[in-house]
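I opened a new structure today and kept notes as I went. Here is what I looked up, entry by entry.

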Amino acid sequence: MVAKQTVLEFQHVVKKYGSQVILPDLSFTVREGEFITILGSSGSGKTTTLKLINHLIEPTQGKILLKGQDSQALDLIALRRQMGYVVQSIGLFPHMTVAENIATVPKLLKWSSPKIEQRVKELLELVQLDPEKYQKRYPRQLSGGQQQRVGVARALAANPEFVLFDEPFGAIDALTRLELQKQLKTIHQSLGQKTFLLVTHDIAEAFYLGDRVMIMHEGKIEAFDKPQKIIQNPPTPFVQNLMATVKAEQKMWEGLE
Ligand SMILES: Nc1ncnc2c1ncn2[C@@H]1O[C@H](COP(=O)(O)OP(=O)(O)OP(=O)(O)O)[C@@H](O)[C@H]1O
């Protein structure tokens with residue numbers, strides 16, 4: 001099997017706000033088509049890491065390479081075009097229909113109307129919303145889960161190579177969340193070469209979705225490996241504690257059976 005190329009690399013990235021060190025020294029690589037989940041407690045630097053990738057913020061020191069190129073040297077618009085971004089608050093434009101929301105970036109890129117219409121339909125089908133039924137609705141006429149599906153469709157609209165998800169299902173009820181997690185996994189598999197990075201503090205979500213899971217604590221990587229490997233061999237006391245919490249929770253459920 002041919003090894004997949006590295007598409008993202010952090011080289012000794014430091015992020016500080018004033019004298020507060022958020023990321024003391026972060027290095028890691030991601031390969032094309034991987035689904036990476038970033039798990040960590042509140043304030044561990046997960047969102048900061050995502051924001052650095054799409055240049056919402058700049059590193060204090062160190063380099064971020066995108067497909068081998070220093071991302072600071074890249075044109076910001078071209079860089080953002082390669083990246084879809086999905087956030088917890090969804091951020092759909094309230095005065096635009098579902099179709100208009102999804103079409104935002106294709107319109108900026110001046111795609112033709114038939115091409116945009118076709119893409120909107122295709123994406124709504126991908127996220128399992130019937131285009132006939134939903135494309136003319138406004139966000140307020142959708143449930144939270146449906147809105148988040150539109151958010152995913154919008155992020156994928158211009159066919160970006162990277163999609164960044166920041167707690168996309170954080171505000172969604174447990175049942176819908178499970179459904180969306182399954183769908184997202186299928187979407188990632190069906191798209192083939194897209195690289196997904198998803199931030200969460202839900203352990204089950206991170207381990208279910210990630211080809212590799214990055215566990216962060218106080219701005220440092222405590223583990224970055226396949227879920228099974230982390231479960232079998234938790235590399236640090238922090239990760240061991242985290243795994244022990246999962247086991248304790250399982251026991252609690254077994255006790256109820
Ligand atoms: N603009 C800023 N100025 C100063 N400090 C900031 C700024 N943005 C984030 N921080 C701090 O950086 C740290 C990491 O924040 P970050 O949002 O990356 O955490 P997180 O792991 O995503 O947490 P959560 O799960 O709560 O969203 C926090 O202590 C936060 O207060």
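**Entry 1: what kind of model**

I note first that this is a predicted model.

Six strands form an open sheet in the order 6-7-8-3-9-10. The pairing in this sheet is mixed. I then checked the edges. Strand 6 (83–87) and strand 10 are the edge strands, and each pairs on one side only. From one strand to the next, the twist averages 15 degrees.

I took one pair from each end of the order. Strand 6 and strand 7 are parallel and share five bridges. M83 has F162 in strand 7 as its bridge partner. Strand 9 and strand 10 run antiparallel, and five bridges join them too. There, I215 stands opposite A223 in strand 10.

I found another open sheet, made of four strands in the order 2-1-4-5. The pairing here is antiparallel. Which strands stand at its edges? They are strand 2 (20–31) and strand 5 (69–70). Each has a single partner strand, so one side of each lacks a neighbour in the sheet.

I looked inside the sheet next. Strand 1 (residues 6–17) and strand 4 (residues 61–66) are antiparallel and joined by five bridges. F10 has I64 as its bridge partner in strand 4.

**Entry 2: helices on the sheets**

I asked what packs on these strands. Helix 1 (residues 46–53) touches strand 1, strand 2 and strand 4. Its direction makes about 120 degrees with that of strand 1. Helix 1 also lies across strand 3 (35–40), strand 7, strand 8 (195–200) and strand 9. Against strand 8, helix 1 runs at about 150 degrees. I record, then, that helix 1 has contacts in both sheets.

Helix 7 was my next stop. Helix 7 lies across strand 6 and strand 7, at about 165 degrees to strand 6.

**Entry 3: the core**

I looked up the largest nonpolar core. It holds 59 residues, and I102, A153 and L164 touch the most other members. Helix 7 (residues 144–156) gives the most to this core, with five residues. Leaving out residues up to four places away in sequence, I102 touches V120, L123, V150, A153, R154 and A157.

**Entry 4: helix 5**

I compared length with expectation. At 1.5 Å a residue, the 14 residues of helix 5 should span 20 Å, and the end C-alpha atoms are 20 Å apart, which agrees.

Which residues of helix 5 are buried? They are R119, V120, L123 and L124. The buried residues pack against helix 3 (98–102), helix 4 (104–108), helix 6 (131–134) and helix 7. Just past the end of helix 5, Q128 has a positive phi of about 60 degrees.

**Entry 5: helix 8**

I ran the length check again. Helix 8 has 18 residues and should span 26 Å at 1.5 Å a residue; its end C-alpha atoms are 26 Å apart, in agreement.

R177, L180, Q181, L184 and I187 are the buried residues of helix 8. They cover an arc of only 130 degrees around the axis, which puts them on the same side of helix 8. L175, K182, T186, Q189 and S190 are exposed on the other side. The cover over the buried residues includes helix 5 (113–126), helix 7 and helix 9 (203–209). Just after helix 8, G192 takes a positive phi of about 75 degrees.

I kept one background point in mind. Most residues other than glycine have a negative phi. I then looked at two glutamates.

E167 has a phi near 45 degrees. E167 sits in the loop between strand 7 (162–166) and helix 8 (174–191). Is E167 buried or partly exposed? It has 19 C-beta neighbours inside 10 Å, so E167 counts as partly exposed.

E218 has a phi near 50 degrees. The loop between strand 9 (212–217) and strand 10 (220–225) holds E218. These two strands form a hairpin with two residues between them, and E218 is in the turn. With 15 C-beta neighbours inside 10 Å, E218 is partly exposed.

Technical notes. Residues are numbered from 1 along each chain as its sequence is written. This is a predicted model: local features need pLDDT of at least 70, side-chain atom pairs count only at pLDDT 80 or more; totals for chains, interfaces and linings use all residues. A nonpolar core is a set of buried Ala, Val, Leu, Ile, Met, Phe, Trp, Tyr and Cys residues joined through C-beta atoms within 7 Å. A residue is buried if 20 or more other C-beta atoms lie within 10 Å of its own, exposed if 12 or fewer, and partly exposed in between; C-beta atoms are placed from the backbone. Two residues are in contact if their C-beta atoms, placed from the backbone, lie within 7 Å. Two strands pair if DSSP finds at least two bridges between them. Axes are lines fitted to C-alpha atoms, for helices over the stretch in contact, and angles run from 0 to 180 degrees between N-to-C directions. The expected span of a helix is 1.5 Å times one less than its number of residues. The arc is that of the directions from the helix axis to the C-beta atoms.
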